[in-house]
Amino acid sequence: MAQLIVRTAGESHGPAIVALVEGLPAGLAVDRAAIDADLARRQGGYGRGGRQQIEKDRVEILSGLRRGRTLPGPMVLVIRNRDSRLDEAGEVSRPRPGHADLAGAIGFLEPDMRNILERASARETAGRVAAGAVAKMLLAEFGAEVMACVIRIGPVAAEAPADLAERRRRRDASDLCTPDPEAEKAMKAAIDAARDAGDTLGGVIECVATGLPPGLGTHTQWTGKLDGRLARAVMSIQAVKGVEIGLGFAAAARPGSQVHDAIGYDAKARGRATLGFVRPTNNAGGLEGGMTNGQPVVLRAAMKPISTLKRPLASINLKTKKGEEASYERSDICAVAAAAVIVEAAVATELAGAMIEKFGGDSLRQMKDAYEVWRRAAQEL
Ligand SMILES: Cc1cc2nc3c(=O)[nH]c(=O)nc-3n(C[C@H](O)[C@H](O)[C@H](O)COP(=O)(O)O)c2cc1C
């Protein structure tokens, strides 16, 4: 079965972050500038630390591409680290609460936690963002789009317009990847206050995917359910501690009559994705039974506040077992804007994988033909 597999390699202060992308259809046009634009967005956001001033992420494509189109074969995407000093970087012996440090030291029998944190670091997500940018190019071939924005930072909630073009326009004009300029001012003030207090902030990201054909994913086996796959992809992002789809946790407090989306049919609404089936509400967030249902996929992710604190929490020295403050590594105050770009990439990669599984992935032409055959048959249901 055709399958999209994305793996990353590389340490935060190693020579590079690498993404291996296997299973893309041949013949897909790849726009390097669009990959670089997403890498730049991942580096941005008010409240970031010093690392982002050092790095100027750009993708190098080492394999799988000829004359701007994918070849039949894996792609290797490389993002070099300017701040490359892995051998020189000092030993870490005081584990930072909220990090992989202590659990990794015990699990890997590794007293120098530098050997854990270098790979646990969110620098790894540069690889996932580069791969996700290519996944978005594949989705665009089928008229599908994925967009994530920030809807909360700490105590400050934002309003996201229902009109997605307007949401994107406002998001792209924001330093915090949020579509609400009023809330953005309060968010920046909250980040400044956290910085002054030696503290950090988290937040919430909302991701919407539109134009997807209904029936992506499957109800037949738990491993293939698209809601579960999306949750896993997003939950695996560093510092993401909650994922909800549609109403999510709020659905638990309502009766069923106020949760489930009635089904109607309107021949005039026969678009590529909806096929004429209309739903007055989208509380399911576009997923029923582990499959897309033709409505926008709506997913939210909760990011915890950054773990490394300027005023470090209590910890111990692993060598002496005596109490000491946790180590301090140069750090962000708030990285929710960057996480939105990563959520977008993770969702796009999972959705592109589901498209490849449904329509076959040897060549883009074959995939498009299979899509059209399926679409015509679905219209005749
Ligand atoms: C874009 C992004 C940037 C991050 N930057 C930092 C940072 O500067 N300092 C820090 O302590 N944690 C940062 N984190 C979070 C840690 O990488 C993460 O909390 C840690 O690896 C432990 O993983 P867990 O929170 O998923 O359990 C960042 C996360 C993301 C997504």
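**View 1. Lining of the second largest pocket in a predicted model.** By class, 7 nonpolar, 7 polar and 7 charged residues line the second largest pocket of this predicted model. Nonpolar means Ala, Val, Leu, Ile, Met, Phe, Trp, Tyr, Cys and Pro; charged means Asp, Glu, Lys and Arg; the others, Gly among them, are polar. The pocket holds about 740 Å³ of space. Of its 21 lining residues, Leu4, Val6, Arg232, Ala233 and Glu350 lie closest to the centre. H9 gives the largest share of this lining, 6 residues.

A pocket is an open set of points on a 1 Å grid over the protein atoms alone, with protein on both sides within 12 Å along at least five of seven lines; a cavity is a set where a 1.4 Å probe fits but cannot get out; lining residues have an atom within 4 Å of a point. Points are joined across faces, edges and corners, and a volume is the space filled by probe spheres set on them.

**View 2. The largest pocket.** This pocket holds about 980 Å³ of space. Its lining has 43 residues, with His99, Ala120, Ser121, Ala122 and Arg123 nearest the centre. The lining divides into 14 nonpolar, 14 polar and 15 charged residues.

**View 3. The largest cavity.** The model has 2 cavities of 30 Å³ or more. The largest has a volume of about 40 Å³. Its lining includes Arg96, Pro97 and Ser307.

**Notes.** Residues are numbered from 1 along each chain as its sequence is written. Local features need pLDDT of at least 70, side-chain atom pairs count only at pLDDT 80 or more, and totals for chains, interfaces and linings use all residues; side-chain values use heavy atoms, without hydrogens and water.

Methods:
Helix = DSSP H or I, 4+ residues; strand = E, 2+ residues; numbered from the N terminus.
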